[in-house]
Amino acid sequence: MKFYSTNNESLQISFSEAVLKGAADDGGLFMPAKIPQLENKFFDDLSNLNIKEIAFEIIKNFIDDIPKKYLIKIIDDAITFEAPIVQLNENLYVLELFHGPTLAFKDFGAQFLAKTISYLIQNQKKETIILVATSGDTGSAVASGFHNIERIKVGLLYPKNKVSKIQEQQLTTFDNNIFAFEVDGNFDDCQRLVKQAFSDNDLKNRFNLTSANSINIARLLPQTFYYFAAYAQLKRKNIPLIFSVPSGNFGNLTAGLISNEMGLPIYKFIAALNSNDVFLKYLRTGIFNPQPTIQTYSNAMDVGNPSNIVRIFSLYKNYEKLKEKISAFSFSDDETLLGIKEVYEKYNYIFDPHSAIGYLALKEFLNSFQNKNINGIILETAHPSKFKDIVERAINTNINLPERLKIFLQKEKKTIPISNDFRNFKEVLLNTF
Ligand SMILES: *Cc1c(COP(=O)(O)O)cnc(C)c1O
């Protein structure tokens, strides 16, 4: 399978090249040249497969330049946790995507990307340095994937005082080959420093520099696994299947659309949004108009110019068709709190702020949907305890932290403070790595 750039469909490269490049030189994102069609037999057997088997049956159709036995090993090392569905009522389910090491769905993509890069660079002579700018969750998911892998070092750049306490503990307490740079600046400074490092000749001569950006194709493809895993667990498979996807950069939703194109019978997607609602405006008007980011309680969805939109446009060249497949709804912070409270009172289930928006969006969609017999699945993108303060305020009850989060909190924070000046960052990089 070749991969094309969304800016130029005739530029096609291999999976390995696309992974190591991250984004295309022309600024486009990589997409599979052809969406593979899964056979009926796969769907007949699906309910008997575990998540690793599902993952392999899917990914083998996309990747032809990594031998099968290594592909199995990558999946074995990366997908070490489940994606269970939990039933709220007759028609409503939650797909719990927080059972990975950093308690968010990003673990699926980040773990798979890390194990894939580790495989691809094994014959490199120089040491590999992975640089990631993070505003919260991405950094720890990526770090967890690369932790303790030989000949790879990871530099996480995060903005000082601008991530939550729990997020900071998750970023700064890995040891060994993971280094956290506390940048005196904002997230844009972190991104700029990473970009400058990639174009610096001294650093390029000394290290093999690679990114583990969220737009990497090896983070997108493994996000299809859990759409299939969710379907596999449903008892009634012949009624309309609707996924509600809390969306920021739209990677998750794009993976759902790809799953659908592969033959997974999904009737409808709902883009669940906070006040950053450019996609909702696009569905209404047909005009895509990026906007400055607005800060909300569901901060992983605070994106004013979603990067994966170009992938959605390349899958759906027709606006009318896209409008038929996806609906969008947006909710305020106050509504988010009420959503968390409502689910807790009605179903005794605790949602994080992002998933609460997923719930509200699905509910609103169903208000005007005739067929009441459906499988409605809300993607639960993070564990509620990652957003402890907001959730506790909403339900007026203390919530427990899971063991694997407590472990992060007990460890000692270790950071390398840097200014937002590139010369300072470069000097520190050369001295530290
Ligand atoms: C990243 C993230 C999202 C948004 O996912 P996209 O793929 O960027 O749309 C939603 N919820 C949580 C908890 C996240 O970490």
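The shell around the ligand comprises six nonpolar, seven polar and two charged residues, where Ala, Val, Leu, Ile, Met, Phe, Trp, Tyr, Cys and Pro count as nonpolar, Asp, Glu, Lys and Arg as charged, and the others, Gly among them, as polar. The model is predicted, with local features requiring pLDDT of at least 70 and side-chain atom pairs counted only at pLDDT 80 or more, whereas totals for chains, interfaces and linings use all residues. Residues are numbered from 1 along each chain as its sequence is written, and side-chain values rest on heavy atoms, with hydrogens and water left out.

Of the 15 residues around the ligand, those that come nearest are Lys106, Gly248, Asn249, Phe250 and Thr381, a residue being near if one of its heavy atoms lies within 4 Å. Among the polar contacts (pairs of N or O atoms within 3.5 Å), an N or O atom in the side chain of Lys106 is 2.5 Å from an oxygen atom of the ligand, and a polar backbone atom of Asn249 is 2.8 Å from a ligand oxygen atom. The protein buries 95% of the 390 Å² that the ligand exposes when taken alone, as computed by the Shrake-Rupley method with a 1.4 Å probe.

Elsewhere in the description, an open sheet of three strands shows the order E2-E1-E3 with antiparallel pairing, strands being DSSP runs (E, at least two residues) numbered from the N terminus and pairing if DSSP finds at least two bridges between them. Strand E2 (8-13) and strand E3 (30-32) are the edge strands, each pairing on one side only. Strand E1 (residues 3-5) is joined to E2 by three bridges, and Tyr4 stands opposite Gln12 in E2.

Note on methods:
A polar contact is a pair of N or O atoms within 3.5 Å; within protein, one must be able to donate a hydrogen and the other to accept it, and residues adjacent in sequence count only if both atoms are side-chain atoms. Helices (H or I, at least four residues) and strands (E, at least two) are DSSP runs, numbered from the N terminus.
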